[in-house]
Amino acid sequence: MSIILYHRKTEIPNHLNDCIAKIRQYSKLPIYLITDSAYSNSDIEVIDSKKYQDLNWLDEFYAGTYYRNDKEYHMWKESSYRFFFIHKLMEEKNLSNILTFDNDVLIYENPEKIIELISQRYNGFAITPQCDYEVVMGMCFIKTPNDAANVSNFFSNEYKIPQEELKAKYPGIKGNIYL
């Protein structure tokens, strides 16, 4: 069991320290932060995202997608990119049963209990719903590196599809589909 946090492309926000402190209030689980920024905190292991040079294709790939001209899409792009980096880290460290969540999320429960509960009810992957037809990265459980690979592969396969085609492919989803 571990927790993986992710932050790239912008300055590390102050609330990240609050997020880590809150986790430490309830648990001593290993915490990893994948980032491209300089950051130091003795309570976590900082992983330099630049070491995963085999993921450099993501920006080039993104440039060829439907969303390439959407300047406001940065948050959604990085939110989906995180799965590729998490997959790499899970493989590298042989991690399983991980929780990942946005670094502005504060937990008020022992994350080990959360992981145990989710792992009993879901096979491989679970993500927080925002409503009946939409999920957000508030919190996500990934059981194995293979499960992380499945999510990354989904993004790779669906990324180039324009909104109207995605809506036709997934007719039960209302609103925009952000990958």
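Entry one, the surface. I looked for a nonpolar patch and found one of about 300 Å², made by Tyr26, Leu106 and Tyr108. A reminder to myself: this is a predicted model.

Tyr26 belongs to helix α1, which covers residues 15-26. Its relative accessible area came out at 30%, so I noted Tyr26 as partly exposed.

Is Thr35 buried or exposed? I noted Thr35 as buried, because its relative accessible area is 1%, under the 20% cut-off. Thr35 sits in strand β2, residues 31-35.

Next I asked which residues Thr35 touches, not counting those up to four places away in sequence. My list reads His7, Arg8, Ile12, Val46, Ile47, Asp48 and Ser49.

I went to helix α3, residues 74-93, and stopped at Arg82. With a relative accessible area of 6%, Arg82 is buried. What does the side chain of Arg82 join through a polar contact? I found the side chain of Asp102 there, at 2.9 Å.

To wrap up the page, I have Thr35 down as buried, Arg82 down as buried and Tyr26 down as partly exposed.

Methods
Residues are numbered from 1 along each chain as its sequence is written. This is a predicted model: local features need pLDDT of at least 70, side-chain atom pairs count only at pLDDT 80 or more; totals for chains, interfaces and linings use all residues. Side-chain values use heavy atoms; hydrogens and water are left out. Helices (H or I, at least four residues) and strands (E, at least two) are DSSP runs, numbered from the N terminus. Buried means under 20% relative accessible area, exposed over 50%, partly exposed in between (1.4 Å probe, protein chains only). A polar contact is a pair of N or O atoms within 3.5 Å; within protein, one must be able to donate a hydrogen and the other to accept it, and residues adjacent in sequence count only if both atoms are side-chain atoms. Contact means heavy atoms within 4.5 Å. Patches are made of residues with over 30% relative accessible area and no salt bridge: like charges are joined within 9 Å, nonpolar side chains (Val, Leu, Ile, Met, Phe, Trp, Tyr) within 5 Å. Accessible areas come from the Shrake-Rupley method with a 1.4 Å probe; for residues, only the protein chains shown count as cover. A salt bridge is a side-chain nitrogen of Lys or Arg within 4 Å of a carboxyl oxygen of Asp or Glu.
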